Amino acid sequence: MRDVVLKNLRERFQSLNEIVDTLNPELFTTHLNVPKNKSVGEHMWCIVGARESYTKSLLKGEWAGFECSLASTERRGDVIEKLKSSEVAFDEVVNTISHWTPERDELLVYLLEHEATHEAQLIRHIFALEQTLPESVKWA
């Protein structure tokens, strides 16, 4: 089952990379006129932070707290850089773990849930802004 979760996580990573790669930079700060709405950049901050935090937690073997290194949610280049570096760090840690525990497996599932939830929120946000998404995006 772990292999399926890892495969799906990597698919979500790729999908979010493709979404960000195709967005106009001004959309990173655009909010919808609905309660509790996050901009694309704010979603990216949460996504990057979760990847970094779950990666650190996987290495430790238990939840280690939330931190995010993404300083600016307004610059597309910064977001792309942190999405990619968090993906690389995740893969490196997953490849070094030799002792998988139920706690580590749960962390993987929680990260997958987080990625899928934000991906869906971003898709709805982007459609509400009357923008298109790459055809490769599974849920669109």
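**Entry 1: a buried valine**

I count a residue as buried when its relative accessible area is under 20%. With that in hand, I opened this predicted model and went to Val40, which sits in helix α2. Is Val40 buried or exposed? Its relative accessibility is 1%, so I noted Val40 down as buried.

Next I looked up what surrounds this valine. Leaving out residues up to four places away in sequence, I found Val40 touching Leu23, Leu27, Phe28, Thr30, Leu122 and His125.

**Entry 2: α2 beside α3**

From Val40 I moved on to the helix pairs. Helix α2 covers residues 40–60 and α3 covers residues 76–96; I found that their axes come within 9 Å and cross at roughly 20°. Angles under 35 degrees count as roughly parallel, so I wrote α2 and α3 down as roughly parallel to each other. Their crossing is left-handed.

Which residues of α2 and α3 make the contact? On the α2 side I listed Met44, Ile47, Val48, Arg51, Glu52, Thr55, Leu58 and Leu59. On the α3 side the residues include Val79, Leu83, Phe90 and Val93. Sorted by class, this contact has 11 nonpolar, 3 polar and 4 charged residues.

**Entry 3: α1 against α3**

How far apart are the axes of α1 and α3? I read 10 Å, with a packing angle of about 165°. Angles over 145 degrees count as roughly antiparallel, so that is my entry for α1 and α3. α1 passes α3 in a left-handed crossing.

Among the residues that meet here, I picked out Leu6, Phe13 and Val20 in α1, and Val79, Ile80 and Leu83 in α3. By class I noted 9 nonpolar, 2 polar and 5 charged residues for the contact of α1 with α3.

**Entry 4: the nonpolar cores**

Last, I looked at the cores. The largest nonpolar core has 20 residues, and those with the most contacts inside it are Ile19, Val20, Leu23, Phe28, Met44, Val79 and Leu83. Helices α1 (2–22), α2, α3 and α4 (102–128) each supply at least two of its residues. Which helix gives the largest share of this core? I found it to be α2, with 4 residues.

I then took a look at Val20. Setting aside neighbours within four places in sequence, Val20 is in contact with Phe28, Met44, Arg76, Val79, Ile80 and Leu83.

Conventions. Residues are numbered from 1 along each chain as its sequence is written. This is a predicted model: local features need pLDDT of at least 70, side-chain atom pairs count only at pLDDT 80 or more; totals for chains, interfaces and linings use all residues. Side-chain values use heavy atoms; hydrogens and water are left out. Axes are lines fitted to C-alpha atoms, for helices over the stretch in contact, and angles run from 0 to 180 degrees between N-to-C directions. Angles under 35 degrees count as roughly parallel, over 145 as roughly antiparallel, 65 to 115 as roughly perpendicular and the rest as oblique. A crossing is left-handed if the near helix is turned anticlockwise from the far one by less than a right angle, and right-handed if clockwise. Contact means heavy atoms within 4.5 Å. Ala, Val, Leu, Ile, Met, Phe, Trp, Tyr, Cys and Pro count as nonpolar, Asp, Glu, Lys and Arg as charged, and the others, Gly among them, as polar. A nonpolar core is a set of buried Ala, Val, Leu, Ile, Met, Phe, Trp, Tyr and Cys residues joined through side-chain atoms within 4.5 Å. Buried means under 20% relative accessible area, exposed over 50%, partly exposed in between (1.4 Å probe, protein chains only).
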